[in-house]
Each structure stands twice: as structure tokens, then as C-alpha cells.
Amino acid sequence: MGRVLLALGLAGIAAPAAWALPTFNEVRADYRPSDTLVLSREGEVLQRLRTDATVRRGQWVPLAEVSPALRTALLLSEDKRFYEHSGVDWRAVSAAAWGNLWNQRTRGASTLTMQLAGLLDGDWRQGAGGRSVVQKLGQTVAAQVLERRWRKDQVLEAYLNLVPFRGEIVGIDALSRTLFGKAAHGLDEREAAVAAALVRAPNARPALVAQRACGVLREMQKPVVPSCDALDLFTTAALQRRAFDGADGVAPHFARYLLRQPVAAQPVPSDAPAADAAPARRERVTSTLSAPLQRFAVQTLHQHLRELRGRSVEDGAVVVLDNATGEVLAWVGSSGALSQAGEVDGVLAPRQPGSTLKPFLYAQAFAEQRLTAASLVEDSSAHIPTASGLYIPQNYDRQFKGWVSARTALAASLNVPAVRTLVMVSPDAFFRQLRALGLPLRESGDYFGYSLALGSAEVPLLHLANAYRALANGGRYGPVAVTPVQRGAGVPRAATPAAPAMDPRAAFLVGDILSDGNARARTFGTDSVLATRFWTAVKTGTSKDMRDNWALGWSRRYTVGVWVGNASGAPMHDVSGTSGAAPVWAEIMGWLHRAGAGVRSRPPAPPEGLVQAAVRFGPEPGGARLIESARQEWFIAGTQQPLFAIDNVAEQPMKTLASGPNRSNPAASAPEDGLQAPSPRILSPAPGTIVALDPDIPPDRQRLQFAATPAQPQAHAGLRWRIDGRVQGRGAQWAWLPWPGRHRVELLDGGGQVLDTISLEVRGAGLKK
């Protein structure tokens with residue numbers, strides 16, 4: 001009688017806790033997989049990313065999506081009368097008690113419902129020394145409470161999703177994907193038997209698991225090998241498999257970045273990527289990415305990088321932004337399996353941007369009315385005094401174009417005019433402009449000096465593309481968004497309103513220049529990959545020693561940024577501005593504006609305060625050819641003028657007194673005025689010239705101009721140019737396609753006599769100084 005009263009007392013103690021068990025819907029709502037699914041704006045799964053390293057738990061699997069074989073195997077193994085009892089199998093309890101009385105081993109009396117009660121409430125969970133009497137009684141009461149509140153299918157579904165199977169693996173989704181590499185609905189009888197055997201002994205040796213699985217198969221009346229040898233091998237292999245990777249999808253870098261953001265999805269800060277925020281434990285997160293665009297961007301980048309593998313290029317990154325909202329529509333952080341550093345996110349990694357900073361510099365010069373698009377800037381040797389000595393900027397090919405307009409200087413990406421422009425603006429003022437556009441420059445303008453015009457600072461692709469987006473938006477800067485922004489009255493609105501960061505008139509001028517195919521024809525030609533069939537503005541860039549290659553540009557609706565290079569910092573070989581990042585940029589832009597997509601890109605309307613006027617250019621100094629052809633040009637109102645020319649520049653004619661006949665060319669006759677015309681000499685290039693091939697310009701457009709000194713026409717007849725012992729060209733002027741090395745150049749007359757000799761050096765990609 002005392003024992004009965006004790007049992008009733010203990011049951012009374014356990015009852016309140018049992019009645020506090022959650023409902024099925026509460027359990028389902030509180031379930032958190034160890035992975036988070038990142039969804040596209042269309043609702044497609046883009047990326048699965050593990051966010052809980054303490055456990056391996058998959059997605060919640062409805063009972064209808066669980067293999068019938070597994071349901072059968074589990075009930076045969078753990079609870080044969082599951083659909084008959086009301087939470088407690090009293091027949092099994094009686095059998096267990098009788099066995100304990102006679103010291104006989106019997107099957108446990110714990111039902112699936114009782115086990116689920118232990119999974120839901122730690123008070124009923126079995127410890128290292130087994131369950132206490134109170135725990136057993138509490139579990140019994142809790143199981144009956146569950147059966148009254150829950151349906152049988154809910155009990156079975158929750159159990160399958162919460163039961164530990166082996167090691168860190170919890171739930172049927174994680175088990176089936178990890179050990180068998182498939183979803184739970186695809187498990188066959190053999191796999192189901194192994195899974196059911198693991199419930200009884202999660203960490204048992206493979207041989208014991210196989211033995212128990214063999215018994216389950218026999219109960220299922222499935223034919224098996226009597227010795228179970230084949231099942232033993234299968235079980236051993238399955239328990240060693242880890243097919244459930246920590247990440248799976250087409251946007252791994254974006255997913256990691258997204259899940260670092262606060263749950264409220266704050267926009268990207270302007271000074272640095274947010275990398276320290278705690279990961280949010282979310283089961284599904286809807287992002288701004290477009291699934292079709294993301295897949296196309298991944299495929300395009302991988303295909304192009306495969307084509308460049310022979311040129312020492314293995315990494316790349318792509319980002320696509322919506323101009324109006326700042327939403328990130330595509331984010332490709334690396335080339336994946338093609339890279340040895342696939343975990344490095346090229347969208348966030350700081351890299352030298354090369355010439356891609358020049359548009360912001362010229363925009364500032366236009367806004368401050370230091371230059372107009374038609375202003376003439378000299379592309380010639382410059383010696384600029386600085387605190388640390390003379391700064392002598394050079395074009396890559398060590399050749400100078402003379403006087404050019406600012407439009408040509410920017411579109412053709414000439415270095416020396418850009419440095420001269422920075423001298424006008426000042427490095428500190430340019431630094432402040434770049435910071436206003438969201439570029440996270442850590443040092444001051446004085447730290448970078450005049451090299452800032454050529455991209456000596458390091459910036460991430462994401463921030464650089466967003467700065468180009470500001471150009472597309474008339475100089476208004478706003479942060480990007482990685483979760484969908486609000487839409488009102490059918491019109492998308494940015495998560496954070498954009499603020500003026502640049503004169504809208506200057507932004508329009510830069511866009512007009514970068515969309516001008518004729519202006520960049522001098523460098524890239526009129527039929528380059530940069531020429532799209534719809535309106536776009538684009539700028540390429542290459543960093544020092546060809547370590548980074550960029551293409552950034554925008555249409556009316558989208559901004560696309562592409563980087564290619566090597567995450568290790570190794571230089572590329574023979575990669576120009578039109579063969580590196582530009583083809584990827586062009587293909588993505590073309591896909592965004594493909595026929596039938598309904599997205600058109602027309603030139604933007606000029607903002608208020610701009611006027612268009614006809615301009616003419618004067619002749620080149622010392623020549624009759626015009627500096628540039630006449631055209632219609634845009635001006636900030638009040639800065640226009642009809643003529644741009646260079647005054648007070650003259651070239652003196654060369655005459656040399658001769659005391660005797662021309663011994664190097666006896667056939668030359670003396671002029672009638674008694675002055676003998678000098679024999680031709682090499683005017684350019686100068687002796688000792690060093691030519692560095694520009695990686696941002698197609699090779700066939702980097703010919704080196706050879707010229708002989710002026711003389712009588714008959715003196716130029718038959719002139720030939722011999723390089724390294726072989727005649728390569730003829731005439732007083734000749735354009736040579738250089739190749740790397742040290743070369744001896746000789747000027748020959750018609751008879752093969754050497755008139756003049758110089759030496760020069762050509763440095764190409766990867767050629768050390």
C-alpha cells in the first residue's frame with residue numbers, strides 16, 4: 001500500500017510538468033535547422049548555408065514526404081503497436097516488468113510517444129545512469145498527455161524530425177542527406193533499416209548497426225543475405241559518408257554576407273563591409289538576388305575564366321545593382337572550383353581599381369569648372385614636385401598623344417592628363433569626393449598623393465559599383481540593399497533615400513563621355529566589346545603589374561561591376577581591358593537588356609544647367625592637322641566657348657650648315673642656296689626609350705611610331721627600318737607593333753647604308769625590370 005501511495009505521489013509531482021508540454025504547432029514553429037536557406041526574390045532556393053556548428057539538423061520534413069519504407073521500419077523497430085496504444089504500451093510494460101522479475105532481457109517498453117516526450121522536455125530525458133522513477137512516471141504521464149493533444153501522424157512526424165541518429169546528426173533530413181546523399185522520401189528498404197537501427201543505438205559500431213538493420217529487414221519480410229555480409233559493407237560505407245556539405249547553391253559568398261546583417265536587414269554601411277555582426281538564426285531569408293540572373297552571371301564568369309586559364313587568371317567576381325533601389329541583383333564572389341582561393345569573396349576584397357577612379361576625378365574637375373569636356377589637356381612628360389621628390393607619371397606605352405580634349409583623355413584612359421587634372425583638384429579634395437561616394441579609403445589624400453588618380457588605393461568591388469551607381473543616378477549616393485525594399489504604388493523605393501554626393505551636371509557629362517564610342521575609338525576602336533547596341537556608359541581599368549582587371553558601367557536601370565585577376569595577387573599575362581573583365585560585363589549587360597525582356601536603355605535626359613554648343617579645335621602645335629574634329633559638346637552653362645586651341649607654340653625649322661659633302665650618303669645633292677640638307681636621322685623614339693605595353697589597351701592598338709627628321713623628299717626615298725638585324729618597315733614614318741625585349745633600331749638609306757642607330761626596350765606583361 002505504501003508503494004502505491006508513493007507512486008501516486010510521484011505521479012502527482014510529475015503531472016504539472018507533463019501538462020505544460022507544447023502543442024505540435026509550437027514545436028514546429030520553434031524548430032530551427034542548422035542550415036539557413038537563402039531565397040531569391042522569386043522565392044527560389046539560391047543557397048543553403050550551415051549556420052549552427054553544434055548540431056547537424058536539416059529542414060523539417062512533413063510526414064507525407066518521408067519514405068513509407070522508413071515509417072514501416074521505424075515502427076517495427078521501436079513501437080509495433082504505435083497505432084493501438086494511447087501513449088503507453090501497457091502490454092510491453094507488463095512484459096518488461098515480468099522480464100525484470102525473472103532477470104530476462106526483454107525489449108524496452110518505451111513507445112515513440114514516450115521518447116518524443118523526452119525529446120520535448122529535458123526533465124524526462126535519460127541520463128548517463130538511466131531514468132529515475134520520477135522521470136519514468138513523468139514520461140508516462142507526458143506521453144498520455146501528448147496522445148490526447150496530438151494526432152498520431154503529428155507524433156510520428158515530430159519524432160522523425162527531432163530524434164538523434166548518430167553523432168551530431170539530428171532528424172531524418174540530416175540523416176538521409178548525410179549518410180545516403182538523398183532526400184527522406186527516396187530512402188529504400190535497406191537504407192530505412194539502417195536508419196531505424198541507428199535510433200536504438202546511435203553511436204554503435206557499424207557491425208552492430210548492420211546486424212540490427214538485418215533484423216529489421218527480416219521483420220519487414222524483405223529478402224536479405226543470411227549472413228548480412230552485404231548489409232555490413234553497405235552500412236560501414238554509409239556511416240563513413242558525409243554527403244551533406246555545409247553549403248550548397250550558387251550564391252555562397254552573398255549568403256554569408258546576408259546572414260551577417262542584423263535581422264532588420266540594415267543597408268551596407270558606406271565605410272566598410274559589416275563583417276562583425278552576429279549571425280542571425282533564421283530558417284529562410286528572402287534576398288534581393290534574381291535567381292535567373294545569378295545563375296547566368298555564375299555561368300558567364302566561369303566560362304570566360306576557363307578561356308583565360310592559359311593567361312594565369314583564375315579568379316573573378318560580379319555584382320549587379322538596381323539603380324533605383326540599390327538592390328543587389330547578382331553577387332558572384334569567386335570562380336568556385338576554378339580557384340585555389342574559392343572562399344575569398346572578390347566582391348568584398350579590397351583591390352587596386354586602376355583607371356576606374358578617373359570618372360570621379362573628371363566629374364569633380366567639371367563640377368568645380370576647372371575643366372570642360374572640350375578643354376585641352378596635354379599628354380606629355382610631366383615632372384610634378386612633391387614632398388618626397390619628383391612624381392613623373394607615365395602612360396603604359398611611354399608614348400604621349402600631345403594635346404587632347406578632356407573627353408578623349410577620359411574615354412581613352414590616358415594617365416598623364418588624369419594626373420594633371422588631379423593637380424588642379426588636389427589629392428585631399430579628390431579623397432573627400434571618393435569618401436562621399438562611399439569608397440572606404442582608410443588613408444588620407446596626402447598618403448596616396450597624385451597616384452590616387454591612377455587607382456593606387458584599394459577598394460572593394462561592391463563599393464566601387466555602388467559609386468558608379470551614383471553616377472547613373474545623377475550624382476546621388478545611397479547604400480545598397482540585400483533584402484527586398486519597400487514598394488509603394490507599384491514604384492520601388494530605396495531602403496535609404498539617396499543623398500547628393502556629386503554635381504548632377506558633372507555626373508551627366510561623365511556618363512556622356514563614357515558612352516561615347518567615338519571618344520574611346522582612339523584606344524579601343526569603334527567595334528570593341530564595350531560597344532553595346534543600347535545606351536551604356538562603361539570604364540575599364542587595370543592595376544599595377546596586371547594584378548587586377550575591371551569593367552564597371554551602367555545603363556538606365558542597372559549597374560554592373562566585374563573584376564578578374566588572382567586572389568593571391570599574382571599578375572596576369574596578356575590580359576587587356578577588352579579581354580579581361582569587359583567581355584563578362586558585356587554579356588551580362590546584354591542579358592539584362594535582351595530582346596523581349598521589356599527593359600530598354602536610352603540616353604538620360606540632361607539635367608538643368610547644361611547647354612550644348614558647337615566647338616572647333618585649333619591645329620596641333622607645329623602642324624596643320626587639327627587637334628580634334630569639330631563637334632557638338634555639352635557644357636555647364638557659362639563655361640562654353642566656340643574654339644579650343646593652343647597659342648604661341650611654334651616649331652623652328654631645322655637647318656644645319658655643312659662644310660663638305662654628305663659622306664654617309666654621297667648620292668645626296670646640295671640645295672641651291674649653298675646649305676646642304678642633312679641626312680635623315682631618327683627623330684622618334686629617342687635613344688634609350690623604355691616602352692611598357694598598356695594592359696588596358698588591345699595589343700594591336702599599341703604600335704610604336706617611328707619617324708625620321710625632316711629633309712628633302714628625295715632624301716627619304718628608300719628609307720628602311722631595321723630591327724635586330726631584320727628590315728621591318730619602310731618610309732620616313734612607320735608604326736611598329738612592339739614585342740618584349742631589348743632592341744637595336746637602325747635607319748637605312750636606299751643603298752643599305754646605316755644613317756642612324758638607337759637602342760630601346762619593350763616591357764610586356766610579366767617582364768621584370
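Select helix H14 (residues 358-367) together with helix H20 (residues 504-514): the two pack at an angle of about 130°, and their axes lie 8 Å apart. Helices here are DSSP runs of H or I with at least four residues, strands are runs of E with at least two, and both are numbered from the N terminus. Axes are lines fitted to C-alpha atoms, for helices over the stretch in contact, with angles from 0 to 180 degrees between N-to-C directions. H14 and H20 are therefore oblique to each other; angles under 35 degrees count as roughly parallel, over 145 as roughly antiparallel, 65 to 115 as roughly perpendicular, and the rest as oblique.

Display the side chains at this contact (heavy atoms within 4.5 Å). H14 contributes Pro359, Ala363, Phe366 and Ala367, while H20 contributes Ala506, Leu509, Val510, Ile513 and Leu514. By class, the contact of H14 with H20 has nine nonpolar, no polar and no charged residues.

The model is predicted: local features need pLDDT of at least 70, side-chain atom pairs count only at pLDDT 80 or more, and totals for chains, interfaces and linings use all residues. Residues are numbered from 1 along each chain as its sequence is written, and side-chain values use heavy atoms, leaving out hydrogens and water.

Next, select helix H12 (residues 252-260). Its buried residues are His253, Phe254, Ala255, Tyr257, Leu258 and Leu259; buried means under 20% relative accessible area, exposed over 50%, and partly exposed in between, with a 1.4 Å probe and protein chains only.

Move on to strand S18 (residues 537-542). Six of its six residues are buried, so S18 is largely enclosed by the rest of the structure. Ala537, Lys539 and Gly541 point one way from S18, and Val538, Thr540 and Thr542 point the other way.

Threonine 542 stands opposite asparagine 549 in S19. S18 and S19 form a hairpin with five residues between them, and aspartate 545 in the turn has a positive phi of about 60°.

Finally, select leucine 643 in strand S23 (residues 643-644). At 38% relative accessibility, leucine 643 counts as partly exposed. Leaving aside residues up to four places away in sequence, leucine 643 touches Arg616, Phe617 and Gly618. The C-alpha atoms of leucine 643 and alanine 614, 29 residues apart along the chain, are separated by 8.9 Å.

Note on methods:
Ala, Val, Leu, Ile, Met, Phe, Trp, Tyr, Cys and Pro count as nonpolar, Asp, Glu, Lys and Arg as charged, and the others, Gly among them, as polar. Two strands pair if DSSP finds at least two bridges between them.
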